[in-house]
2 protein chains.
Amino acid sequence: MIKLHHLRIGRSVFTAWAMEELGLDYNVEIYIRDENRRAPPTLRHIHPLGKSPVIEDGDLTLAESGAILLYLIENYDPQGVFAPPVDAKEKALWSQWLVYPEASGFLPFFLTLLLSMEEKPKPPVIANYANADVTLHLNYIDAQLADNPFLLGPEFSAPDIGMTYLLELANRVGQLSDYPRLKDYIDRMMARPAFKRAQDKTGG
Amino acid sequence: MIKLHHLRIGRSVFTAWAMEELGLDYNVEIYIRDENRRAPPTLRHIHPLGKSPVIEDGDLTLAESGAILLYLIENYDPQGVFAPPVDAKEKALWSQWLVYPEASGFLPFFLTLLLSMEEKPKPPVIANYANADVTLHLNYIDAQLADNPFLLGPEFSAPDIGMTYLLELANRVGQLSDYPRLKDYIDRMMARPAFKRAQDKTGG
């Protein structure tokens, strides 16, 4: 059975959510952040970067949310709940949105989070960089969701998981007040029964 | 024929490199950064984020280096030059290293680059975060390369492309002086004939 190493509170609840959507049975090992909100050193015994999510499946130890999601889809999705599109170009766009929340999408929102922890005056180069890109990225995502309830159309798909993670981060740093559609989207995603079960099982 | 939108100087030379390793024929459209090193607005007509690499292939416009690489491997690699491992667990680790340079690997080095542009005193939260993680990540990569000339063993594979990008960024911000093995690795990667051809074709 897959074991999920989960650092509370953190993004690995989204990996648990993916497993819940797939109907998988899995164990959770919970780690608590120290007073500086860093991961405890015990996580480094599991994977050298000491981050979470990490899963163990037999003799495989696997990090990186995107790689874990691909592994689950390729090996633990017999019903095709998260099967990627068959058409090569649709699949390419599926991959683009699957990797985006951890690749180019992540940086502006995480910078905003780090900047919120700095005293004033805020470092101008980083602040300018983050501010310009936050608007750019939110408009990009907002346009993608303009005509559909889910990221890739009328149906929930694997890229909705990472996108919810990203927008939840944006919301936490106060970036969604001018984006009611994005706020509504994460509310709908996080109201899914599978997300609730993942929260219950991991403690959030 | 695939068209690569390439912002000089930038990471899309690594997409060109992948196409050269695959023996692909492709066109390059070159964009020049403005005086602030930002992309020109014309790139936003191609893709809303206005970044590069972006490829066009018929009616497909695709961003995100990782997604582009997967698309090339799945559709333009008849010889299996970059075919992922068949074994499910080996493939999982292949995916982990494929997404890593743009996911958790990217942040500490890019933060170091941004910090280098800030006046002193450097913002302490961000500086502490970056410094701790740079060492962690370099040690992680160094250990992975300890026993093999390439990231995943005795043979060059697709994850070597992103890793060279990441380590070249680390090198540019002066982080590799204590890591001769990593310096040697990027020297070997960038001496590959396919990399040289990509540089020639894109202007770097």
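1. In which sense do strand S1 (residues 2-8) of chain B and strand S3 (residues 54-57) of chain B pair, and over how many bridges? The two strands are antiparallel, and three bridges join them; within this pairing, Leu4(B) has Ile55(B) of S3(B) opposite. Pairing here requires that DSSP finds at least two bridges between two strands, while strands (E, at least two residues) and helices (H or I, at least four) are DSSP runs numbered from the N terminus.

2. On provenance, this is a predicted model, in which local features need pLDDT of at least 70 and side-chain atom pairs count only at pLDDT 80 or more, whereas totals for chains, interfaces and linings use all residues. Residues are numbered from 1 along each chain as its sequence is written, chains are lettered from A and ligands numbered from 1 in the order in which they are written, and side-chain values use heavy atoms, with hydrogens and water left out.

3. In chain A, four strands make an open sheet with mixed pairing and the order S2-S1-S3-S4. Its edge strands are S2 (26-32) and S4 (60-63) of chain A, each of which pairs on one side only, and the twist from one strand to the next averages 20°, where axes are lines fitted to C-alpha atoms, for helices over the stretch in contact, and angles run from 0 to 180 degrees between N-to-C directions. Helix H1 (residues 12-21) of chain A packs on this sheet, where it touches strand S1 (2-8), S2 and S3 of chain A, and its direction makes about 145° with that of S1(A); contact means heavy atoms within 4.5 Å.

4. Two further details concern the sheet of chain A. Strand S3 (residues 54-57) of chain A runs antiparallel to S4(A), with four bridges joining them, and Val54(A) has Ala63(A) of S4(A) opposite. Helix H9 (residues 193-202) of chain A lies across S1 and S2 of chain A, and runs at about 55° to S2(A).

5. The sheet of chain B is likewise described as open, with four strands in the order S2-S1-S3-S4 and mixed pairing. Strand S2 (26-32) and strand S4 (60-63) of chain B stand at its edges with a single partner strand each, so one side of each is left without a neighbour in the sheet. Neighbouring strands are turned by 20° against each other on average, direction ignored. A helix of the other chain, H4(A), packs on this sheet, touching S3 and S4 of chain B with its direction at about 25° to that of S4(B); helix H1 (residues 12-21) of chain B also packs on the sheet, touching S1, S2 and S3 of chain B, at about 145° to the direction of S1(B).

6. The contact between the chains takes 49 residues from chain A and 49 residues from chain B. Together they bury about 4,300 Å², of which 66% is on carbon and sulfur atoms; buried area is the accessible area (1.4 Å probe) that two parts lose on being put together, summed over both. Leu49(A), Glu64(A) and Lys89(A) supply 13% of the area that chain A buries against chain B, more than any other three residues.

7. Across this interface the rule finds eight salt bridges, each being a side-chain nitrogen of Lys or Arg within 4 Å of a carboxyl oxygen of Asp or Glu. Among them, the side chains of Arg38(A) and Asp133(B) meet at 3.1 Å, N to O. The elements that give two or more residues to the side of chain A that touches chain B are S4, helix H3 (65-75), helix H4 (88-99), helix H5 (106-116) and helix H6 (124-144) of chain A, and H6(A) gives the most, with nine residues.

8. Over all chains, a search of the whole structure finds 24 salt bridges. In one of these, Glu74(B) pairs with Lys91(A), the closest N and O atoms being 3.1 Å apart. Glu74(B) lies in helix H3 (residues 65-75) of chain B and Lys91(A) in helix H4 of chain A, so the pair joins two chains.

9. Some backbone values deserve a check. Most residues other than glycine have a negative phi, and most peptide bonds are trans. The peptide bond from Arg8(A) to Ile9(A), however, is cis, with omega near -25°, and Ile9(A) is found in the loop between S1 and H1 of chain A. A cis peptide bond also joins Lys120(B) and Pro121(B), with omega about -5°; Pro121(B) is in the loop between helix H5 (106-116) and helix H6 (124-144) of chain B. Glu64(A), in the loop between S4 and H3 of chain A, has a positive phi, near 80°.
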